[in-house]
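I would like to walk you through one protein model, going from the whole chain down to single residues.

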Amino acid sequence: METPHSPAADAATASITVNSPAQMGELGRRLAKLLRPGDLVMLTGELGAGKTTLTRGLGEGLDVRGAVTSPTFVIARVHPPLGAGPALVHVDAYRLGGGLDEMEDLDLDVSLPESVVVVEWGDGKVEELADDRLHVVIHRATGDTSDEVRSVTLRGLGARWAGAGLEGLAA
């Protein structure tokens, strides 16, 4: 008999300090090596925290076509793979307020099995797409500061992320 699965019980975490945009991009390139088709990555952080910079690094690491830029005004952008890897679907849900119902128009559930789907501002909007997902929270100093230091917390939810090697990203 199967027992109900609790994604929270299968959480893996890593905390990383990033000191520059270049290091954020490098974190994205290293994280890309852990990603595979079907992965949902949710990015949370203030404006200017580095969500798109991290995603740009993911795109480089996944070797996808096209410049990874913020999809704020187009909502979603698909970057096909240049080689045998998965496509990168980059979504900015900042302007979407209706939760998963509004997100359904993007057909992310269709894209998810063969792609890596990265959603900026996805909290409360895309969790239902996958029990297994990676939640990346980027904190930065706010206010009048030029400080580029970021605290990045990666939390893998579900069996997919147990033993996936998130802790190795901090090295």
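What we have on the screen is a predicted model, and the mean pLDDT of the protein is 82, with 78% of its residues reaching 70 or more. Please be careful with residues 1–9, where the pLDDT is below 50; in the model this stretch has 8 contacts beyond near neighbours in sequence.

Let me turn to the overall layout. The protein has 4 helices and 7 strands, and if you follow the elements from the N terminus on, they run β-α-β-α-β-β-α-α-β-β-β. Of the 171 residues, 43% count as buried, and if you take the contacts with a separation of 6 or more, 66% of them are accounted for by residues 24 or more positions apart.

Now to a pair of helices. Two packed helices are described by the angle between their axes and the distance between the axes. Here, the axes of helix H1, residues 21–32, and helix H2, residues 51–62, come within 7 Å and cross at roughly 45 degrees, and H1 and H2 are therefore oblique to each other. The crossing in which H1 passes H2 is right-handed.

Which residues in H1 and H2 meet? From H1 we have Pro21, Met24, Gly25, Leu27, Gly28, Arg29, Leu31 and Ala32, and these meet Thr53, Leu54, Gly57, Leu58, Glu60, Gly61 and Leu62 in H2. The residues of this contact divide into 8 nonpolar, 5 polar and 2 charged.

I will move on to Val18, which has its place in strand E1, residues 12–18. Is Val18 buried or exposed? Its relative accessible area is 2%, so Val18 is buried. Not counting residues up to four places away in sequence, Val18 touches Gln23, Met24, Leu27, Glu148, Val149, Arg150 and Val152; Met24 and Leu27 are also among the H1 residues that meet H2. Val18 and Arg150 are 132 residues apart in sequence, and yet in space they are 5.0 Å apart, C-alpha to C-alpha.

With a relative accessible area of 4%, Ser115 is buried. If we leave aside its neighbours within four places in sequence, Ser115 is in contact with Arg36, Pro37, Gly38, Asp39, Pro86, Ala87 and Val89. I will stop here, and I am happy to go back to any part of the picture.

Note on methods
Residues numbered from 1 in each chain as written. Predicted model: local features only at pLDDT ≥ 70, side-chain atom pairs only at ≥ 80, totals over all residues. Heavy atoms only, no water. pLDDT = per-residue confidence, 0-100. Contact = heavy atoms within 4.5 Å. Axes fitted to C-alpha atoms, helices over the stretch in contact; angles between N-to-C directions. Helix = DSSP H or I, 4+ residues; strand = E, 2+ residues; numbered from the N terminus. Parallel < 35°, antiparallel > 145°, perpendicular 65-115°, else oblique. Left-handed = near helix turned anticlockwise from the far one by under 90°. Nonpolar A, V, L, I, M, F, W, Y, C, P; charged D, E, K, R; others polar. Buried < 20%, exposed > 50% of the residue type's maximum accessible area, 1.4 Å probe, protein only.
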